[in-house]
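Trainee: Before we go through the model, could you show me how to read each feature, giving the general idea and then the case at hand?

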Number of protein chains: 6
Amino acid sequence: MADIITFGEIMLRQASDGYLRFFQNDSLQATFGGGEANVAVSLANYGVDVAFVSKLPENDIGQAAINSLRYFGVDTSLIQRGGKRVGIYYLEKGASQRPSKVIYDRAFSSISMAEPSDFDWDNIFHGAKWFHFTGITPALGKSIAEICKEACKKAKEKGMVVSCDLNYRKNLWSTVEAGETMEKLMEYVDICIGNEEDAEKVFGIQETNTDVTKGKLNHDGYKEVAKKLYERFHFKYVAITLRASITANDNNWAAMLYDGIEYHFSNQYAIHIVDRVGGGDSFCGGLIYGLFSGMKSEEALEFAVAASCLKHTVEGDFNHVSVEEVKNLMNGDGTGRVQR
Amino acid sequence: MADIITFGEIMLRQASDGYLRFFQNDSLQATFGGGEANVAVSLANYGVDVAFVSKLPENDIGQAAINSLRYFGVDTSLIQRGGKRVGIYYLEKGASQRPSKVIYDRAFSSISMAEPSDFDWDNIFHGAKWFHFTGITPALGKSIAEICKEACKKAKEKGMVVSCDLNYRKNLWSTVEAGETMEKLMEYVDICIGNEEDAEKVFGIQETNTDVTKGKLNHDGYKEVAKKLYERFHFKYVAITLRASITANDNNWAAMLYDGIEYHFSNQYAIHIVDRVGGGDSFCGGLIYGLFSGMKSEEALEFAVAASCLKHTVEGDFNHVSVEEVKNLMNGDGTGRVQR
Amino acid sequence: MADIITFGEIMLRQASDGYLRFFQNDSLQATFGGGEANVAVSLANYGVDVAFVSKLPENDIGQAAINSLRYFGVDTSLIQRGGKRVGIYYLEKGASQRPSKVIYDRAFSSISMAEPSDFDWDNIFHGAKWFHFTGITPALGKSIAEICKEACKKAKEKGMVVSCDLNYRKNLWSTVEAGETMEKLMEYVDICIGNEEDAEKVFGIQETNTDVTKGKLNHDGYKEVAKKLYERFHFKYVAITLRASITANDNNWAAMLYDGIEYHFSNQYAIHIVDRVGGGDSFCGGLIYGLFSGMKSEEALEFAVAASCLKHTVEGDFNHVSVEEVKNLMNGDGTGRVQR
Amino acid sequence: MADIITFGEIMLRQASDGYLRFFQNDSLQATFGGGEANVAVSLANYGVDVAFVSKLPENDIGQAAINSLRYFGVDTSLIQRGGKRVGIYYLEKGASQRPSKVIYDRAFSSISMAEPSDFDWDNIFHGAKWFHFTGITPALGKSIAEICKEACKKAKEKGMVVSCDLNYRKNLWSTVEAGETMEKLMEYVDICIGNEEDAEKVFGIQETNTDVTKGKLNHDGYKEVAKKLYERFHFKYVAITLRASITANDNNWAAMLYDGIEYHFSNQYAIHIVDRVGGGDSFCGGLIYGLFSGMKSEEALEFAVAASCLKHTVEGDFNHVSVEEVKNLMNGDGTGRVQR
Amino acid sequence: MADIITFGEIMLRQASDGYLRFFQNDSLQATFGGGEANVAVSLANYGVDVAFVSKLPENDIGQAAINSLRYFGVDTSLIQRGGKRVGIYYLEKGASQRPSKVIYDRAFSSISMAEPSDFDWDNIFHGAKWFHFTGITPALGKSIAEICKEACKKAKEKGMVVSCDLNYRKNLWSTVEAGETMEKLMEYVDICIGNEEDAEKVFGIQETNTDVTKGKLNHDGYKEVAKKLYERFHFKYVAITLRASITANDNNWAAMLYDGIEYHFSNQYAIHIVDRVGGGDSFCGGLIYGLFSGMKSEEALEFAVAASCLKHTVEGDFNHVSVEEVKNLMNGDGTGRVQR
Amino acid sequence: MADIITFGEIMLRQASDGYLRFFQNDSLQATFGGGEANVAVSLANYGVDVAFVSKLPENDIGQAAINSLRYFGVDTSLIQRGGKRVGIYYLEKGASQRPSKVIYDRAFSSISMAEPSDFDWDNIFHGAKWFHFTGITPALGKSIAEICKEACKKAKEKGMVVSCDLNYRKNLWSTVEAGETMEKLMEYVDICIGNEEDAEKVFGIQETNTDVTKGKLNHDGYKEVAKKLYERFHFKYVAITLRASITANDNNWAAMLYDGIEYHFSNQYAIHIVDRVGGGDSFCGGLIYGLFSGMKSEEALEFAVAASCLKHTVEGDFNHVSVEEVKNLMNGDGTGRVQR
């Protein structure tokens, strides 16, 4: 019986050592991760009672994925076992002008082939207060999209909060498919998280004049996008992450939160990156924690941005940071002086 | 234009470090291998002009597989590019009473989804003298079994020698399916290589009284099996590898070769194992080299067994040994004294 | 609410790489382990609902110890937090005639400084059926010995089974101290596990004519020791592990179990060792599993010996093996053939 | 039969791990590299049919050097085998204000001791269109300088394009020796590549007022140097690389190309460095590719600078990048956003 | 018989790999270090005859600590053996906004439990000219503080120069305890080294208006602090290090030296950090070398700052740099161009 | 002023990881070693005051070689600096029937190019009691052979004991050259150490009927060889090591010592090898220690054999073992039980 339930795919992440190109040596760093699993780990690290729901095969790889979540205290008892494989993504870390590169090998994974009968949402949501998923999950296939919808419906019936990170992935579906499917799910969603690209690709909502490759932020454009999303789907909150990519090593990172009344723009962090994969998920984890634990809008936003700033300094998909560490950064200590 | 052509799948091999259990640490040793690719590498290391034929996707993983073959001088210019993925196998190395463990994740690989139109055998075999494949390749799917048959047919038309390692894999097909498919291919095969289990599982040919878990060899039983295979399919040679597994670290290893006249039993090696995956393939590579380069039956057999004895001391699927090294062992120096 | 509770110290284990001598390079393999924690992990791997009870400091090292147990599904919710440090042991793996070497740096660890008030056994044992501890725990200090006694008492009150591995450690206490303290605890113990050295050092019980450095076993001597222990303390079972050390790499391993009626001697395994630390603990884990799950005496003994045979092939203190793997070995497949 | 031939030394490169000082741990990263070999690998990665010519000993180190080139598809069939040793360079990567350090141990290498009779240039150049070498090769010894001259002569006879990277190495020869030898080779050269230091040290050609330690570029000075080189040796193109070293981690990198008519100055990249060794070679590889594949002067220049910008983000001497990756950067995407 | 004697604790330093969080993988980098040991290594690397005095246990860890110092040529013959343990510190390297983290496990180390009778200062100082210690040593315990005082007294009697780095550690003692103890030691000290925090915490001496988290330096404030220290304790020199922490990766680093007449402010370095632990110690080592070898005040200061700038680029506590390397940087070459 | 002086070459040893073939991955284990340096390290580990004499270049590699000896407490103050390079040997560790392989790249090393004027033996031997060298040193060149002779002469003049390990290396000189040079040196030698191959190759002294590849020892043959050596050169002791190579992993190891009266045959050890390079040197180190410290012939022999047995379990050329560890083995504890 967990307070927060996240649902999606957890993949085997296979990363080249350091800044090596794919297969430049014979070693791959094998860890696990995936949008909703990453959110679950963030929440577990903040002390929240959280369960991750998915389907994994009955082999040592599926078990290792589960163990990697148990390590952080995520409740894995609701994960279904079966199917053929754990999805994989290969990661090559970029540097300077060379971008990071991701190769997906996730087709036919157990979760992508799951059937609605695999998940008894009434039981899964017993006692739960919050449901989180991302736009990646329904993109995995028709059946899983259907499962998502059932989950959302049941969550609403039970009066749970539903949050969704749009997370558009062009290699999983077209903008048309994404739009059609996500449109239907939005009616159950309370909190919508995304970036300007998601809004455009999934819902055709465009801001004016922001060129993400240049590093400048256009506040008015973001407000416009947030407002359009808010009005179209009647969300409670719309959060937009603002990444200005200078090089693969250096990004500026901030976010805004619109609660229907005010547009809150967070502090911006100039980040020297260790690993940026999972950055958006750590923002979701922070925002959910903030709102779930009763912070005010702007405080929850600052918590989320500080949490994800720290994620960029942590290897792997998972955000190994504590509430205390996030709050220290929120409160202004970003100078990196040694803590003895 | 190569002298010998091998055809099959090359997979990404992901092995745990040392004797660690799967995912006991975060590192996987990523190399490449597969029955027929392993044979090609053996032959290239012996100085033979050899090409490996397969289908690999147009991504960095497919390219790395190709590069790993080019490294040894294997001709990769005949490999087709396309399809979705490189097959994977995960390997956990056993020790003492704990067996090695292999998990396959090879479904939907590019080669397993290949179509007959992908391969123009007339062109591929231009100038070639020998064709080698294994029972794994037709086991990958109906279409690929068809491709194998076309290749065999064309090879025979061109007067090439055809060798086949039976290599039964229970997770790829049933004994019934294997029997039906392999039966049809055997008519093109000159040299059949297998072990007692292959003969039984694929063709229902059984010897008497050999219990492979006990470490004793039953010469008469092996002769019986070889003879039955020889007579049923009119092979030129039948080779049977004889592995007596004492523990995961220690195996006795030998082979026999039947040429229709004599049953040659090789020297037996008591091997302290470094990596036994690819052991059978290195035997095939050695036997093909021996026969192709004009050795007499018993000499070719001893070369093959010595070559595969050495493979057991080499990490990875590929057998990094030279003709000189194999001959030194054949000629009796197995004491491991330092070569300065 | 767990079925089985184990109680003791979990240490940071710092092992040299491979067979390197201490500090021969700059790297230490940092994992966690300790007698009772190891037993808990074995049981969790067998699917038992097990909790480990201890005290660990409120820092990242204490947390990592907890995480390492959660990874395997051990219930860590009963672990107390506080005190100053996690105990450490340094391990240098031996080879051939060079013995393995352990340096302890465990004084002043949180658990060794714990107070009786830290543990509310009534609550801890709520719903539990079995309590396990070892002779190492009371050896850590007067207060912790007192805590052990309280736990044993409460377990008996509640009708739980109590098992104890004698595990004499000469660097923690003298034979006199050990004898006095352990004597008092034995009245609560149902199942006593030890080797011939423990029996002699702790209780002065000696067999005749066994020289453990020679590799021969003296069945009558072991029976004698078991009988004396059984009669003196009215145990239900006495189990004795029989290790014949040939070299640091090669040991023969077996055990006997006396149930007051019969002396069962297990199968003996000739083991080529990967890591023998935790071997005895894996025997306890196997024996507890066997008896707890309703196996007959001789079956439980064979399960325990097979389990600990496998442990010798696994790096680290913890025994990463499943019931299925242990049963395969019990049922005779110790030849290490590749499992595909 | 390759289109482009490069000629020179390939060395064993032994680099400390990460930013460790020499021998700070017991591990060296052993790869291969050398000016002309690096150019060959760049070209092979761009899909060009390229051969590398050199001399390497008949041992496992010489063979490994060859294999490392075959991996990328470089034609190694023209490499001569013989002599005693593979040259070595040790590399310690600098950081911030601490410079990178190179220790050469290349004397008496097989190529440096080669005789003119080792190379039959008429045969080597059969069907080839371009010959590339650097000023390092003739610096290795009198005999090898003679071989270079023969190669240049033969290349010109055959109407091939000849390119040369001046690459002055003060530890190999004096400025006087370099000037005398290089002067004689320049008459065969069409495309001269160098930096301001090369021009000064080898030919005494100096620009005015550029202090390379300050990070400012003096366009007029570079034009002056290019013009002087152009006029003195009647080149077709003079390319000058412009490195502004801020620290060992951060460099600005650009280049100019003079074609006798116009002075093209490239885009400048602010690079956060992964490995800068081989940066100049990757520029040559890019420029040769650009001109060979028919790009216009300024496009070839931009391709070369973008290619070498990317090289600074790749570990090792070799530039593992594709034409597509270089063009993406040329076309302005240097923000390092993840490519999924 | 050494010229310079340093006295204090040497610890086992256990650092996570790269930028990993504590125990994110199973590996720890195990080296040795400690304030005064680090100074000794710096001096040995500059060619000074230096001895380190401490107490270490008679086990392999104590011996490894000694060996790590002998490696650099530090005289270890005066180190006493005995006691129970080598102190430990765990280090997690910070990145960007995430600070580095140190966990100490140094209580009960051999040196912290040492008795005055362990050290015969008359003998230790035979022939020596300089004594150096830090404020960490007396903070380890009452007895060791007493030993420090005896050493200082004896050093003064013998006319030796005494230098002290204040190095306040809040986890070892309170500001009140530090003030009382250090006050009494200052009468023997000639050269006092510290930063603004030390001056405030130990002696309550505060500058005006410097906020160390902002990156700006307040020259007048530092002068004030230096003057107050100078006047209160009648030092010959007061050196203050000036660290402006921008992030965990980027610091500005400079220092000032007051000799009673002039306030010298050094060159400031913008450092991209590899490892900043031991940065202050390397400053002390440089300053002692400069003054001991007869440099003028400002030259010694510049040497010390350049030396410690380089330390920030070297992994581990010890500063592996030579006099030549430091002088190259002092003389202005901080551009990191490759040294071939 | 050391008691024992050893003289020869120390090389950079570059070993493949684990059992990998040369360059099978990109990593080399870089340590240092060489016959006489190895003996010096053994002696330092036994607490003897020992100096190693050689010549090494003034670069970071030469310095690292020195540091590696200082680490163990070897006096390096007599090592001359100069010349061009540190010799290298590449090592690939064998396994089972695959032999270990050594590739030397030692020509032109500083010591091999040394001149007699580099070494002032009168000064070097000041206060020394023992001089040790091996047959490798004079094999490096004419000049170094001359230096050896001068050293021997001076040692004899000073009444020192002179020991020599014949150590014939076929790749350094012919048997004829070896015989001529070594013959002249033998007149100064008191203790001659070798194996049966050395005796035959260097002095043409042959035993009867021993086939070293078979694993049987022929006691009478060894006696015969020892006696012939003894009588021809009037040694005080002749020691012969007896290695029976079963495979690269398993060797039997023993030795004999002839003192002109008795033939002592040592205990034989069946060794499971970790690293056998330096095995003979560790025997010399043990024998010198035994005789130097006053043990009787047979005791010194047993010490030497036990010491070298342990060396086979230690990675690297150097024998990291203490007198206590050797004595434990001598006294019969070779069972490898864990030392806690």
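Mentor: Let us start with one residue and its contacts, where two residues are in contact if their C-beta atoms, placed from the backbone, lie within 7 Å. Leaving aside residues up to four places away in sequence, A255(C) touches A239(C), I240(C), T241(C), L242(C), S266(C), F283(C), L301(C), A304(C) and V305(C). Please keep in mind that this is a predicted model, in which local features need pLDDT of at least 70 and side-chain atom pairs count only at pLDDT 80 or more, while totals for chains, interfaces and linings use all residues. Residues are numbered from 1 along each chain as its sequence is written, and chains are lettered from A and ligands numbered from 1 in the order in which they are written.

Trainee: Which residues have the most contacts inside the largest nonpolar core?

Mentor: A nonpolar core is a set of buried Ala, Val, Leu, Ile, Met, Phe, Trp, Tyr and Cys residues joined through C-beta atoms within 7 Å. A residue is buried if 20 or more other C-beta atoms lie within 10 Å of its own, exposed if 12 or fewer, and partly exposed in between. Here the largest such core has 728 residues, and those with the most contacts inside it are A255(A), A255(B), A255(C), A255(D), A255(E) and A255(F).

Trainee: Why does M160(D) count as buried?

Mentor: M160(D) counts as buried because it has 22 C-beta neighbours inside 10 Å. M160(D) lies in the loop between helix 5 (142–157) and strand 10 (161–165) of chain D, helices (H or I, at least four residues) and strands (E, at least two) being DSSP runs numbered from the N terminus. Beyond four places in sequence, M160(D) touches F125(D), A128(D), K129(D), W130(D), F131(D) and A155(D).

Trainee: How many residues of helix 2 of chain D are buried?

Mentor: Helix 2 (residues 60–70) of chain D is mostly covered, with 9 of its 11 residues buried; among them are D60(D), I61(D) and G62(D).

Trainee: What is the strand order in the open sheet of 8 strands?

Mentor: Strands of a sheet pair through backbone hydrogen bonds, either parallel or antiparallel. Two strands are taken to pair if DSSP finds at least two bridges between them. In this open sheet the order is 8(C)-7(C)-2(C)-3(C)-3(E)-2(E)-7(E)-8(E), with mixed pairing. Strand 8 (101–105) of chain C and strand 8 (101–105) of chain E stand at the edges, each with a single partner strand, so one side of each is left without a neighbour in the sheet. Strand 7 (residues 88–92) of chain E pairs with strand 8 of chain E in the antiparallel sense over 5 bridges, and Y89(E) stands opposite Y104(E) in that strand 8.

Trainee: How is chain A related to chain E?

Mentor: Copies are superposed by least squares on the C-alpha atoms of residues with pLDDT of at least 70 in both. Chain A can be laid on chain E with an RMSD of 0.0 Å by a turn of 120° and a shift of 0.0 Å along the axis, which is the relation of a three-fold axis. In chain A, the C-alpha nearest that axis belongs to G18(A), 5.3 Å from it.
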